[in-house]
Amino acid sequence: MQGIKILGTGGYLPKKKITNEDFAKIVDTSDEWIRTRTGMVERYVSDGEPTWYMGLMAAREAVKAAGISVEDIGVIIDTSVSPDYYTPSMSCVIQGKLGAVNAMTIDVNCACAGCVYAIDMAKRYLQTDENIKYALVIANENLTKITDYSDRSTCVLFGDGAAAMVIERSESMYSSFLGADGTGAKYLFARSIPPANAFMSGEGKVDDEFPESNQHYLYQDGREVYKFATKALPNALTKAAEKIDFDLNELDVIIPHQANVRIIETAAKNLGVSMDKFVINLDKHANTSSASIPIALDEAVRSGRIKKGDKVGFVGFGAGLTFGAIIFEY
């Protein structure tokens, strides 16, 4: 069975930290309200750091931890819903500043499942192209720039940060299950610039059937997203396990997307897996979209929570609606 080996991880967090009490100063909320409903206590937010910069800092740490030359990286896959530019891609900008001159570059937008998608893509490139020695996966998010700080129900949920990992091919256990439900796209979204040109009359306007939203800020139907997530998390992990006839109770560690502690608790119950196996750090970071799983991974590796040989599960779910899980040996 051809799998992956994560050689090194790295992370970057902005210098500014915001607590629940800080939100109580700008909107009608409280530490108790936020903490009991989400499990979140504090989060890091950009104080001007762009998305590419956070990704670059995380990538440098991952390369250093892996002990490789950047010139040996064959592919860079960057995942973000909050890039700095329409073009060029985050992966191109980071490739140039990192000096990874031999790497092709790809950006993906799979929202909070992005890192899981990117790892699986990297695995497939490594598996099918012997000229690619190492893959660099980066997840970097600047969610606060698309957060509406007048909306008390959503502004408390998000934080910024980045993490990265260097991956090589390995003859080890691996399974994945990825999917999406595009009929739920309207439940979680942020608009970009609408069609506009010097000749437009507006006659070609088409209704996307999405709810009205506030400019480019994130819109979320919390109830629908919660219903989706509590089903998607256990389903994705179960399907990945079934592919290799694997008992999920044999996992040493599960790192889920850090969206809401209630979602994780419900999914754990539905899976019949102990909460002790789950890595949870949303109390310190809130929801950092595609960066949440790799940030948690980097912290777990550096703290010794995850060790070589551990059987690990990642599971992401988010806007799109997307979902995905991978099971592998660290």
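In this predicted model, strand β1 and strand β7 (residues 160–170) run antiparallel and are joined by 9 bridges. Within this pairing, tyrosine 12 has alanine 162 of β7 as its bridge partner. The two strands belong to an open sheet of 5 strands with mixed pairing, in the order β1-β7-β6-β4-β5. β1 (3–12) and β5 (104–108) are the edge strands, and each pairs on one side only. From one strand to the next the twist averages 20°. Helix α3 (residues 51–66) packs on this sheet and touches β1, β4 (73–79), β6 (134–142) and β7. The direction of α3 makes about 125° with that of β1. In general, strands of a sheet pair through backbone hydrogen bonds, either parallel or antiparallel.

**Two isoleucines in the sheet**

Isoleucine 167 lies in strand β7. Is isoleucine 167 buried or exposed? With a relative accessible area of 0%, isoleucine 167 is buried; the cut-off for that class is under 20%. Not counting residues up to four places away in sequence, isoleucine 167 touches Ile4, Lys5, Ile6, Ile119, Ala122, Leu126, Lys133, Tyr134, Ala135 and Val137. Ile4, Lys5 and Ile6 in that list fall within the residue range of β1, 3–12. Between the C-alpha atoms of isoleucine 167 and alanine 267, which are 100 residues apart in sequence, the separation in space is 28 Å.

Isoleucine 77 is placed in strand β4. Isoleucine 77 counts as buried because its relative accessibility is 0%. Leaving aside neighbours within four places in sequence, the contacts of isoleucine 77 are Ile106, Val108, Ala118, Met121, Ala122, Leu136, Val137 and Ile138. One of these, methionine 121, is 44 residues away along the chain, and its C-alpha atom is separated by 8.3 Å from that of isoleucine 77. Ala122 and Val137 are among the contacts of isoleucine 77 and also among those of isoleucine 167.

**The β2 and β3 pair**

Strand β2 (residues 16–19) pairs with β3 in the antiparallel sense, over 4 bridges. Lysine 17 has tyrosine 44 of β3 as its bridge partner. Which residues point one way from strand β3 (residues 42–45), and which the other way? Glu42 and Tyr44 point one way, while Arg43 and Val45 point the other way. All of these residues are buried.

**Backbone exceptions in loops**

Most residues other than glycine have a negative phi, and most peptide bonds are trans. The table gives the cases that depart from this pattern here.

| Site | Feature | Value |
|---|---|---|
| Threonine 87 to proline 88 | cis peptide bond | omega near 10° |
| Glycine 320 to leucine 321 | cis peptide bond | omega near -5° |
| Glutamate 209 | positive phi, not a glycine | about 65° |
| Serine 289 | positive phi, other than glycine | near 50° |

Proline 88 has its place in the loop between β4 and α4 (90–98). Leucine 321 lies in the loop between β12 (311–318) and β13 (322–329). Glutamate 209 is found in the loop between β9 (188–189) and β10 (219–220), and serine 289 in the loop between α8 (282–285) and α9 (292–303).

Glutamate 209 counts as exposed because its relative accessibility is 61%, and the cut-off for exposed is over 50%. Serine 289, at 3% relative accessibility, counts as buried.

Threonine 183 is 137 residues from glycine 320 in sequence, while the C-alpha to C-alpha separation in space is 8.3 Å. Threonine 183 lies in the loop between β8 (174–180) and β9. At 63% relative accessibility, threonine 183 counts as exposed.

**The second largest pocket**

Rolling a probe the size of a water molecule over the atoms shows where empty space is left. The second largest pocket holds about 430 Å³ of space. How many residues line the second largest pocket, and which lie nearest its centre? The lining has 17 residues, and Arg191, Pro194, Pro195, Lys205 and Val206 lie nearest the centre. By class, the lining comprises 6 nonpolar, 5 polar and 6 charged residues.

Note on methods:
Residues numbered from 1 in each chain as written. Predicted model: local features only at pLDDT ≥ 70, side-chain atom pairs only at ≥ 80, totals over all residues. Heavy atoms only, no water. 1 Å grid on protein atoms, 1.4 Å probe; cavity = no way out; pocket = protein on both sides within 12 Å on 5 of 7 lines; lining within 4 Å. Points joined across faces, edges and corners; volume = space filled by probe spheres on them. Nonpolar A, V, L, I, M, F, W, Y, C, P; charged D, E, K, R; others polar. Pairing = 2+ DSSP bridges. Axes fitted to C-alpha atoms, helices over the stretch in contact; angles between N-to-C directions. Contact = heavy atoms within 4.5 Å. Buried < 20%, exposed > 50% of the residue type's maximum accessible area, 1.4 Å probe, protein only.
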